[in-house]
Protein chains: 2
Amino acid sequence: MADIVLPIVLPFEPLTGESFGAFGEVVEKRGSQHYTINNGTCERYHDLATIDVADVEGKPIVSIFSADPVSGVFQVSEMERHPLGSQLFFPLEPCQFVVVAAPEDWRGGVEGLRCFITEPGQGVNYRKGVWHHPLLVLEQRSDFLVVDRGGPESNCDLVQLPSEPRVVVDIEDLADFLQT
Amino acid sequence: MADIVLPIVLPFEPLTGESFGAFGEVVEKRGSQHYTINNGTCERYHDLATIDVADVEGKPIVSIFSADPVSGVFQVSEMERHPLGSQLFFPLEPCQFVVVAAPEDWRGGVEGLRCFITEPGQGVNYRKGVWHHPLLVLEQRSDFLVVDRGGPESNCDLVQLPSEPRVVVDIEDLADFLQT
């Protein structure tokens, strides 16, 4: 009988400024500097992320990403990073999503991979060069506003994870975290 | 009997790239350049707005604005502009909101004022120096992601409109435009 190689299941962590600090910033109102503007009709939660996109004649661009949902036991097979700029994602409905990240010095193994579940009203801003999985959204196709870098030179590195042991995120196991 | 001065009611216009072109850009997926990324799991609607914030050592910043709703017959009493940078607003729920704008060379009168109603999934990016009213949201307090300029020097001019004739937006009259 062939050996069975069990998958490595990444544990979910709540997304907080502290838990995510090695990878970038949580973009949210909670705990942020804010003040009232427009004759008292509007609260401004001010300057929530470090937009770091100027390398090699870079400029900030705003896009919308529309991502397909994942479900079941999802295999993390590829990670990416943007060596020339930060990348901010904010959902355009107050949904929860899954964030898989690894630090700048990650080299493609299982060590260093982390998995977070957001709360409604949270976005993330990956620091320049931080490894991350593409968007992992739940239940339905979801749109995000994205602030990242436009400019010359290649700005996306990809790394394939080993096929064994598989690294997975168990979406079915999220029930304890979902605020529905 | 005293003369009654009737208010000037701004007519609503649908928000399109064409109707809003004098003031900035409509930020939306529809009609935008897009392509598939992340192994076919995500559609990128690319570079939807001109982020023009570099004047006088400016930098892009991302904030969340949380705005109170307006209702009834709303008086437009003040307009503002940011002479040093563009300002982008995108709602964090797919709601509709009202946009009042006037061109760069507006001088505070009724001439030149325009009033738009957005569709769900639309945001706006005011061009640098374009006059606009603060956020006018409907029904409930609403959050927006805002991309504008941080940096030295004052970047907000305000103009009061005359008290008579009043300039108003008739929120009750929006029924024909609302997609609820």
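I take a residue as buried when its relative accessible area is under 20%, and I note at the outset that the model I am reading is a predicted one.

**Secondary structure and overall form.** I went through the elements of chain A and noted 18 strands and zero helices. The radius of gyration of chain A came out at 17 Å, close to the 16 Å that the globule rule gives for 180 residues, so I record the chain as being as compact as a globular protein of that length. Along the principal axes, the C-alpha atoms of chain A fill a box of roughly 75 × 45 × 30 Å.

**Contacts.** Looking at contacts in chain A with a separation of 6 or more, I found that 83% of them are accounted for by residues 24 or more positions apart.

**One sheet.** I followed an open sheet of three strands in chain A, ordered S1-S18-S8, and saw that its pairing is mixed. Its edge strands are S1 (8-9) and S8 (73-75) of chain A, each of which pairs on one side only. I then checked how S8(A) meets strand S18 (residues 167-170) of chain A, and noted that the two run antiparallel and are joined by three bridges. Within S18(A), the residue that stands opposite Phe74(A) is Val169(A).

Finally I looked up the charged side chains of chain A, which are 12 positive and 28 negative, with the centres of the two sets lying 6 Å apart.

Methods: Residues numbered from 1 in each chain as written. Chains lettered and ligands numbered in written order. Predicted model: local features only at pLDDT ≥ 70, side-chain atom pairs only at ≥ 80, totals over all residues. Heavy atoms only, no water. Pairing = 2+ DSSP bridges. Helix = DSSP H or I, 4+ residues; strand = E, 2+ residues; numbered from the N terminus. Rg over C-alpha atoms; globule rule 2.2 N^0.38 Å. Contact = heavy atoms within 4.5 Å. Lys, Arg positive; Asp, Glu negative; His and termini not counted. Charge placed at Lys NZ, Arg CZ, Asp CG, Glu CD.
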